[in-house]
Amino acid sequence: MPFNLPRITQALLIANLLGFALQYFLGNDAMLSLMLWPWADGVYDPATSAPAFMPWQLLSYAFLHGGFMHLAFNMLALVMFGAPLEYTWGQRRFLTYYTVCVLGAGLCQLLVGSYAVAQGGDPYPTIGASGGVFGLLLAYGMLFPNQRVMLLFPPIPMKARTLVIVYGLFELGVGITGLQPGVAHFAHLGGMLFGWLLIRHWRGQPPFGGSGRKGPRIRIVR
């Protein structure tokens, strides 16, 4: 297998590369119905060429990207954090987790985008695997909190738990203040939130029951 990646991580990588190739050869206009659009009366608007929201967009948006660098950073994170998680959880649980994070990120962005349109804003689509990737980052920080990771910009080493906290606070700050427009910060936060809730569910921790004690340790199979 390319890069000796586990099967689901490899499949997700290939699917994202194929999605980007379709964008490149067919053009973004041909992919509009696969992008995640806000709920704007559920009607196609010929004045803005904005398609209506459709349920499949909550998944399909995650396989399209806004450019090569957008794709490259997301796929690098997918490999860095997804592979060890898949080795730890196994294929089925890893795929379930990633899918839940993508859907959760899409739901959060749908709510935020639809609210903005209701307040008079223009409808715009959301694309990218970042919501799922941020969910992977959250899981990596929870399962391997003391593992050292290196930032790309700037190249600073830190513990995975610290990286999750830093990114989470950054996304929350710029999402609320609007200092970095054009980026779906609440989708990133949604991926982390739904990932956190799913892990809590698997562990039987609140708000899903239990006393808050951690479940049994999971042996890593390589």
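Guide: Setting aside neighbours within four places in sequence, N16 is in contact (heavy atoms within 4.5 Å) with A62, F63, H65, L71, M75 and A129. This is a predicted model, with pLDDT of at least 70 needed for local features and 80 or more for side-chain atom pairs, while totals for chains, interfaces and linings use all residues. Numbering starts from 1 along each chain as its sequence is written, and side-chain values use heavy atoms, without hydrogens and water. N16 sits in helix α1, residues 7-26 (a DSSP run of H or I, at least four residues). With a relative accessible area of 0%, N16 is buried (under 20%; exposed is over 50%, partly exposed in between, with a 1.4 Å probe and protein chains only).

Now to the rings: the structure has eight aromatic pairs (Phe, Tyr or six-membered Trp ring centres within 6.5 Å; planes under 30 degrees stacked, over 60 edge-to-face, the rest tilted). One of them joins W89 and W202 edge-to-face, at 5.4 Å between centres and 75° between planes. W89 belongs to helix α3 (residues 68-89) and W202 to helix α7 (residues 185-203), so this pair ties together parts 113 residues apart in sequence. W89 is buried at 13% relative accessibility, whereas W202 is partly exposed at 24%.

Elsewhere, F81, Y140 and F144 form one aromatic cluster.

Methods
Helix = DSSP H or I, 4+ residues; strand = E, 2+ residues; numbered from the N terminus.
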